[in-house]
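Biologist: Could we go through this model together, beginning with the ligand site? Please show it first.

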Amino acid sequence: MDKILVTRASMPSYEEYIDKIKVLWDSHWLTNMGQFHKELEEKIRDFLQVDNVSLMVNGHLSLELALQALDLPKGGEVITTPFTFISTTHAIVRNGLKPIFCDIKMDDYTIDENKIEELITENTVAILPVHVYGNICNVEAIEKIAYKYNLKVIYDAAHSFGEKYKGKGVAGFGDASIFSFHATKVFNTIEGGAVTFNDPNLYEKLYNLKNFGIRGEELVVGVGANAKMNEFAAIMGLCNLEHVNDNFKARQIKAEYYINKLSELKNIVLPNFTAPGDTEYNYAYFPIRFTQVEKRDQVFDALRSENIFSRKYFYPLTSDAACFKNKYRNLPLDNARLVADSILVLPLYPEINDSDIDRIVDVIKKVLDNI
Ligand code: T4K
């Protein structure tokens with residue numbers, strides 16, 4: 001049996017991509033904010049319905065540079081979630097800031113906005129929530145807290161490309177949001193990412209940070225890194241953007257197929273996608289939670305033995321990573337720990353066959369019936 005992986009990178013047809021990259025052989029212009037970088041930045045700005053976009057080489061550096069561009073005082077505390085990919089916490093620490101871990105909610109796994117205030121001290125400088133699996137955080141409550149305590153808000157929106165919350169594009173929330181365009185994401189530029197924001201002044205700051213602070217052949221105005229997206233990546237983005245709405249739709253059909261098959265099972269919590277709500281989803285991930293914690297690893301192993309590669313996104317909590325354990329202050333993380341121990345992300349991508357989903361569901365059923 002062929003391997004079934006947790007996801008499969010979306011790609012345009014070979015001809016579409018080759019046709020567009022031919023131009024690069026004529027121009028020899030491969031990077032440093034070329035014409036396709038510019039075109040993609042504009043198209044993404046329109047697609048996400050946000051005032052400003054700065055493209056980056058990946059999602060991680062988007063987050064590092066977004067934090068840096070906001071000039072947060074060194075040593076400041078950033079309230080964040082431990083239930084995320086390790087990149088979120090690394091970006092805080094690599095900016096000389098301290099992650100302060102807040103618990104999450106059991107219904108959507110995002111930061112518990114009701115627990116943020118008790119973590120705020122005179123050293124708190126920002127809140128960094130994650131729209132995990134494309135579940136949108138309680139942006140209204142977070143905005144109120146940020147306003148009350150004069151804190152910056154940076155959303156890690158790596159999973160929520162193209163989503164809308166109450167009719168508004170999610171890229172516009174907070175002081176900045178970051179997206180990942182990694183191969184595993186619903187929209188990819190092979191590797192890539194972006195920072196989105198409302199304050200136009202950030203554009204210049206981010207431009208300098210991603211291009212060594214260079215503003216002319218003999219002019220360096222600031223200390224910067226190299227985080228530019230190259231032209232091959234930008235062209236992949238332009239091609240994939242043409243198909244991204246079809247991609248969301250195709251994923252929705254597969255997600256609904258899963259839900260239909262799994263909803264009769266007891267002791268499983270399914271994603272909220274189909275409940276009428278405020279979010280227009282992109283169906284990036286299909287996480288299921290087992291109410292009997294031990295079943296998660298049993299299902300994971302049983303699927304592996306069938307060559308089916310589900311993933312424990314996100315286990316362990318980033319606060320439990322060897323490099324961060326017991327280093328930073330946090331309140332109890334009971335929900336986050338329970339979710340990390342009991343969650344499993346199932347394979348989901350447009351081309352997955354219904355018969356493969358049937359197999360996955362059968363494996364889950366077998367393990368659950370074996371109580
Ligand atoms: N914030 C959050 C909340 C994030 O989730 C992420 C990234 C970031 C920030 C940082 O963004 P980036 O700097 O990465 O742009 C993956 C991704 O590498 C990572 O982007 C992602 N989150 C994380 C959740 O997952 P792995 O180690 O699980 O990837 P890997 O190589 O095991 O791939 C998973 C599956 O994807 C494969 O089994 C098959 C498929 N795949 C993978 C690759 C690399 C493809 O079909 N094609 C490919 O080229 O980390």
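Modeller: This is a predicted model. In it, a nitrogen atom of the ligand lies 2.7 Å from an N or O atom in the side chain of aspartate 156.

Biologist: And what is 2.8 Å from an oxygen atom of the ligand?

Modeller: An N or O atom in the side chain of arginine 311 is at that distance from a ligand oxygen. The side chain of histidine 182 also has an N or O atom 3.4 Å from an oxygen atom of the ligand.

Biologist: How much of the ligand does the protein bury?

Modeller: The protein buries 75% of the 920 Å² that the ligand exposes when taken alone.

Biologist: How many residues surround the ligand, and which are the closest?

Modeller: There are 25 residues around the ligand, and the closest are Asp156, His159, Ser180, Arg311 and Tyr313. By type, the shell comprises 12 polar, 9 nonpolar and 4 charged residues.

Biologist: Changing topic: where is the kink in helix 7 centred?

Modeller: The kink is centred on histidine 243 and amounts to about 50°, in a helix that covers residues 231-262.

Biologist: And what does the side chain of asparagine 230 reach at the start of that helix?

Modeller: A side-chain oxygen of asparagine 230 comes to within 2.8 Å of the backbone nitrogen of phenylalanine 232 at the start of helix 7.

Terms used. Residues numbered from 1 in each chain as written. Predicted model: local features only at pLDDT ≥ 70, side-chain atom pairs only at ≥ 80, totals over all residues. Heavy atoms only, no water. Near = heavy atom within 4 Å. Polar contact = N/O pair within 3.5 Å; in protein donor to acceptor, adjacent residues only side chain to side chain. Areas by Shrake-Rupley, 256 points an atom, 1.4 Å probe, with all protein chains shown as cover. Nonpolar A, V, L, I, M, F, W, Y, C, P; charged D, E, K, R; others polar. Bend = angle between axes of the 7 residues up to and from the residue. Helix = DSSP H or I, 4+ residues; strand = E, 2+ residues; numbered from the N terminus.
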